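Subject: Structure for you to look at

Hello,

Please find the structure below.

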Amino acid sequence: MDFDPNFHSGFVAIVGRPNVGKSTFLNRIIGQKIAIMSDKAQTTRNKIQGVYTDDDSQIIFLDTPGIHKPSNQLDDFMDKSAFSALKDIDAVLFMISATETRGAGDNFIIDQLKKIDKPVYLIINKIDEINPNKLLEIMDTYKKALNWNEVFPISALQGNNVDELMDNLKDKLPAGPQYYPEDEVTDHPERFIVAELIREKILSLTRQEIPYSVAIDILSMKTKDNGNVDIQADILVDRPGQKGILIGKQGSMLKKIGTLARQDIEDLLGSKVYLKLWVKVQTGWRDNPSILKSLGYNK
Ligand code: GDP
Ligand code: MG
Ligand code: K
């Protein structure tokens, strides 16, 4: 690998409660829909790696899942993957929302961050929603919580102060190689992103708040001679009632999910997509290690 002493690179973890704007931030700086967004909490289940590259730097971002109390194996997995990620990183962005008061979730994360010996930035997001007095108040609330390396108020949505944050971050990273080719925006297989796009549609179309009871299993993904992509996937649910909801009256819900997901997948892959979905009841999949493993939760 070429080594240019003026090139800075490293791994940066983004942590923070659900819905503070982590995915919005990643999407803004990387400019591609690789981190899945939703108004519902916990959409980002796996850590998604986004790669930012410019002339003199490369930053590999880890978008970690929301941190919460473990209650089953999947939650355990999430906690482990979120914090094992912190060992190999060069800096952490701890993001909060200016519109929310400091809570137990924030304190839990701060306690974890105390254990690591890396620069930690406090990112106060959504400043477009508040007035300057409120911002000072928030800074005061967090000032003594941790020995922050930097404090950056930003709006991930509107872009305020985001360039300044990125410049600062680049300076802080060590001289290092370009780990990934420039055109590679994620090192996750396309399958994973496709599954997340399908899951995103399910969460936004069904109003139920059952964050973990739906999983997507991509059975096959094939490019045909004419360039079209054939995708077959199972939607796994926990209970028969959920199957009914997802299929809908005469299949109407499943059709809607399929249509919306297909459009996004076509945008992502840049080819015509044929998407076939099935709904299957697999009671207790969340606590079944072999199913979790087959779905890619095998860290
Ligand atoms: P995540 O769960 O931390 O990844 O949060 P998301 O990026 O999914 O954002 C959650 C919600 O907050 C979405 O509706 C975003 O549009 C919104 N949001 C994110 N950043 C900002 C911001 O800077 N300002 C405002 N007003 N809304 C934001
Ligand atoms: Mg997210
Ligand atoms: K979210």
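A polar side-chain atom of Asp128 lies 2.7 Å from a nitrogen atom of ligand 1. This is a polar contact, that is, a pair of N or O atoms within 3.5 Å; within protein, one atom must be able to donate a hydrogen and the other to accept it, and residues adjacent in sequence count only if both atoms are side-chain atoms. The protein covers 85% of the 580 Å² of accessible area that ligand 1 has on its own. Accessible areas come from the Shrake-Rupley method with a 1.4 Å probe, and for residues only the protein chains shown count as cover.

Before going on, note that this is a predicted model, in which local features need pLDDT of at least 70 and side-chain atom pairs count only at pLDDT 80 or more, while totals for chains, interfaces and linings use all residues. Residues are numbered from 1 along each chain as its sequence is written, chains are lettered from A and ligands numbered from 1 in the order in which they are written, and side-chain values use heavy atoms, with hydrogens and water left out.

Back to ligand 1. An oxygen atom of the ligand is 3.0 Å from a polar side-chain atom of Lys126, and an oxygen atom of ligand 1 is 3.3 Å from a polar backbone atom of Val20. In total, 18 residues surround ligand 1, and the closest are Asn19, Lys22, Ser23, Thr24 and Asp128. A residue counts as near if one of its heavy atoms lies within 4 Å of the molecule or strand in question. The shell divides into five nonpolar, seven polar and six charged residues. Here Ala, Val, Leu, Ile, Met, Phe, Trp, Tyr, Cys and Pro count as nonpolar, Asp, Glu, Lys and Arg as charged, and the others, Gly among them, as polar.

Helix H1 (residues 22-30) gives the most to this shell, with three residues. Helices (H or I, at least four residues) and strands (E, at least two) are DSSP runs, numbered from the N terminus. Seven of the nine residues of H1 are buried, so the helix is largely enclosed by the rest of the structure. Buried means under 20% relative accessible area, exposed over 50%, and partly exposed in between (1.4 Å probe, protein chains only). Among the buried residues of H1 are Lys22 and Ser23.

Asp128 sits in the loop between strand E5 (120-125) and helix H4 (132-143), and is partly exposed at 32%. Asn19 is in the loop between strand E1 (8-15) and H1; at 35% relative accessibility, Asn19 is partly exposed too.

Phi of Asn19, however, is near 70°, a positive value. Phi of Gln250 is also positive, near 50°. Gln250 lies in the loop between helix H7 (240-247) and helix H8 (252-269), and is exposed, with a relative accessible area of 84%.

Elsewhere, Thr53 belongs to strand E2 (residues 48-54) and is buried, at 16%. A polar contact of 2.8 Å joins the side chains of Thr53 and Gln58.

Regards
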